[in-house]
Amino acid sequence: MSRVCSSGCFSRFVERNYSALNFALLVFGYILYLIVGAAIFSAIELPYEHELRRELVEARQDFLSSNPCVSDERLDELLARALEASNYGVSVLGNSSNHNWDFISSLFFTSTVVTTTGYGHTVPLSDEGKAFCIFYAILGIPVTLFFLTVVVQRIMVVVTRRPVDYFHRRWAMSKPKLAAIHATCLALIMTLLLLIIPAWIFYSLEKDWDFLESLYFCFISLTTIGLGDYVPGETHSKDDNPHPQLYRLSITVYLLLGLVCVLVVLETCCELPQMKRLRQRFFKENVRELDSETTNIISRDHLSDELTDTPDPVPVIPSVSDQAASLREDSKSTPYTQALGSTANGKLR
């Protein structure tokens, strides 16, 4: 008996807190996903880091043994200065003659700031530039989010909503199934146009990149991760790229248009009925409670309005035509009454 009672209480508890339990499982699953990802990255990358450190130590020892006139302190100072300059986007290599702060490069930098991509290969050098970057980002990031929202919603009407409605009426197919097929096709087309083809183009232009690195750059950039380990045009010489400014401008346009297209695909997937039902599993109960509370408030307001604001009966005023018709009827009936009265008086006489 106690087991049946406890199981019934447990089932009622689960039913009552269904959305909260689902949300707790979602949080636990997300944390587990982060932990598993960290473990996998650590297992893959840690051996490469150890190998690279060993190679750097050996290269440093070989350089000092080959150049006994250079001391450890002087070499450390030179390397520290070179690394500091590299962190600010300035390379000490002899084949690097590109400027980071001409107009096109600055335009590329502003696009990475307002879209929160932030490669990190070019950063402000002066205090004035750092202060202006803060204020520029404070205004630019919300404006960019608003701009992207407006653009994506306008594109969604043409790319997603109208095609789904059209084929739904034409083929009489269920809308959830049709929307899922449309989202899949749209994702495949955007993958081809924004990842595969641009990666092949970068693979052809960047001599130090293979196809995987080019695909990696396209994905990291369009998802606004922007690690900055691969930046196109950084290793080009003037012979390899005679128009570096045009190349950088083309990359800026590609990143902005690609970001808009990625947001369209994500918004299309978020509007799927299947995704809406999945999201409701985590806040459906709260929505019901809010709806019932709102309904009670509205019903009480309507009831109070009916009790306090009931209008007094307004006398109906006849129109001019009605009054004219009644007068005509009265004029017709009056002679008849008088005639009856005169006839009666004659008979009495």
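Mentor: Start with a contact, meaning heavy atoms within 4.5 Å. Cys-218, Ser-221 and Leu-222 of α7 touch Tyr-254, Leu-255, Gly-258, Leu-259 and Val-262 of α8. By class, six residues in this contact are nonpolar, two are polar and none is charged; Ala, Val, Leu, Ile, Met, Phe, Trp, Tyr, Cys and Pro count as nonpolar, Asp, Glu, Lys and Arg as charged, and the others, Gly among them, as polar. Mind that this is a predicted model, where local features need pLDDT of at least 70, side-chain atom pairs count only at pLDDT 80 or more, and totals for chains, interfaces and linings use all residues. Numbering runs from 1 along each chain as its sequence is written, and side-chain values use heavy atoms, with hydrogens and water left out.

Trainee: What makes up the lining of the second largest pocket?

Mentor: Lining residues have an atom within 4 Å of a pocket grid point. Eleven residues qualify, with Leu-56, Leu-79, Ala-82, Leu-83 and Ser-86 nearest the centre of the pocket. α2 (18-66) and α3 (72-87) are the elements that each give two or more residues, and α3 has the largest share, six residues. Sorted by class, that lining has six nonpolar, three polar and two charged residues.

Conventions: Helix = DSSP H or I, 4+ residues; strand = E, 2+ residues; numbered from the N terminus. 1 Å grid on protein atoms, 1.4 Å probe; cavity = no way out; pocket = protein on both sides within 12 Å on 5 of 7 lines; lining within 4 Å.
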